[in-house]
Amino acid sequence: MKLFTVGPVEMYQETLNISGRQLPYFRTNEFSQMMLYSEKTLLELAGASDDSRAVFLTASGTGAMEASIVNFLSQEDNALIIDGGSFGHRFVEICQRHHIPKTVVTLNFGEVLTREALEDAYTADITALLVNLHETSTGQLYDIKMISDFCRKHDIFLIVDAISAFLADPINMQEDGIDVLILSSQKAFALPPGLSTVLLSARAVNGVGRPNCEMLYFDLSTYLKNGERGQTPFTPAVGVLLALHNRLQEIKKTGLENVRKGIRDLALDFRSRVDNLPISIPNYPLSNAMTPIYFPMRNAKRVYDTLRKEFGLNVTPNGGILSDVLLRVGHIGNLSVEDNICLVAALTELLGRNNK
Ligand SMILES: *Cc1c(COP(=O)(O)O)cnc(C)c1O
């Protein structure tokens with residue numbers, strides 16, 4: 001089965017080798033040194049300043065989203081949330097759970113996020129903006145320069161979930177004025193799930209503990225403290241961290257720009273190949289990480305099933321109201337142009353079949 005998913009994705013052979021080995025004990029100097037290298041390298045890749053920090057959580061991405069909210073926001077705040085799909089909506093739900101006041105900019109499917117929409121929603125009590133840079137449920141990539149400019153103008157704390165955008169789309173914490181950047185292992189890092197990282201700007205590091213964090217497991221101040229010596233307060237995802245260390249070395253060797261270009265080239269290659277098929281690609285700005293494909297004949301679910309059963313190809317289905325019309329094709333992980341050719345050939349054959 002070949003995965004054209006957005007996470008977990010096709011893993012690299014080296015990751016599979018590492019994942020098959022016995023785990024070491026982790027309260028050791030060697031492990032600490034590895035963690036310090038990973039923290040430093042992640043901050044470097046994210047364009048963070050020297051006084052920024054990264055913490056490692058054993059949780060899926062949603063855990064890191066929740067940790068970011070409970071450590072920086074309280075009932076005294078008002079969070080402006082971009083709700084352009086299921087991941088944006090998750091921020092809304094987390095704020096609801098923790099009784100954090102919010103203002104929501106809701107985008108209907110196909111609607112592009114504009115500066116006007118942000119300015120219209122703005123009120124002087126807004127203290128933070130929460131956004132999923134790439135709203136993975138639709139493929140829309142928001143304009144980080146525009147969002148960052150808006151936040152600078154109004155002095156708003158900027159929390160960015162870049163879980164599906166990191167390594168695929170340009171992001172720079174310093175240039176984009178990002179205070180908190182959320183990453184997770186199973187998207188473009190192509191690692192097993194279970195490890196999420198929260199990158200904190202100097203302003204964010206100083207702000208940790210401002211609202212009284214009522215959670216024990218997600219209290220970032222204990223992660224910052226333990227991280228000073230390359231450790232975590234609780235058992236980390238040891239195996240995923242070892243594999244991350246390896247991926248980071250590979251990414252450094254290849255160069256971030258080249259990694260991003262590889263993903264972008266795959267995305268552009270796929271998009272050019274489906275030009276003649278009876279499907280369409282939405283015309284909002286897209287992440288390089290995946291391509292949403294729209295099925296006007298409402299046969300998305302059947303196409304998904306047939307691709308899996310007959311061709312051994314696994315694209316990503318949508319849930320909810322888009323389940324009949326949208327499928328998503330990932331371009332992250334260990335994929336090649338040959339894989340694109342294979343997927344497009346299968347799509348061409350089965351869509352031709354449906355037309356007869
Ligand atoms: C995948 C993803 C997440 C994380 O979801 P989990 O299932 O909790 O790992 C969060 N935000 C975005 C934008 C994602 O693509």
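In this predicted model, an open sheet is built from 7 strands, arranged in the order E2-E10-E9-E8-E5-E3-E4 with mixed pairing. Its edges are formed by strand E2 (53–58) and strand E4 (102–106), each of which pairs on one side only. From one strand to the next, the twist averages 20°. As a reminder, strands of a sheet pair through backbone hydrogen bonds, either parallel or antiparallel.

A parallel pairing is found between strand E3 (residues 79–83) and strand E5 (residues 128–132), which are joined by 3 bridges. Within this pair, isoleucine 81 stands opposite leucine 130 of E5. Turning to the helices, helix H8 (residues 220–227) lies across E2 and strand E10 (195–200), and its direction makes an angle of about 115° with E2.

Most residues other than glycine have a negative phi, and most peptide bonds are trans. Against that background, the peptide bond from glycine 7 to proline 8 is cis, with omega near -10°; proline 8 sits in the loop between strand E1 (2–3) and helix H1 (13–19).

Two non-glycine residues with positive phi deserve a look as well. Histidine 99, in the loop between helix H4 (86–97) and E4, has a phi near 55°. The side of the chain at histidine 99 counts as exposed because the relative accessible area of this residue is 56%, and the cut-off for exposed is over 50%. Arginine 298 likewise has a positive phi, of about 55°, and is placed in the loop between strand E11 (290–294) and helix H11 (300–311).

Technical notes
Residues numbered from 1 in each chain as written. Predicted model: local features only at pLDDT ≥ 70, side-chain atom pairs only at ≥ 80, totals over all residues. Heavy atoms only, no water. Pairing = 2+ DSSP bridges. Helix = DSSP H or I, 4+ residues; strand = E, 2+ residues; numbered from the N terminus. Axes fitted to C-alpha atoms, helices over the stretch in contact; angles between N-to-C directions. Contact = heavy atoms within 4.5 Å. Buried < 20%, exposed > 50% of the residue type's maximum accessible area, 1.4 Å probe, protein only.
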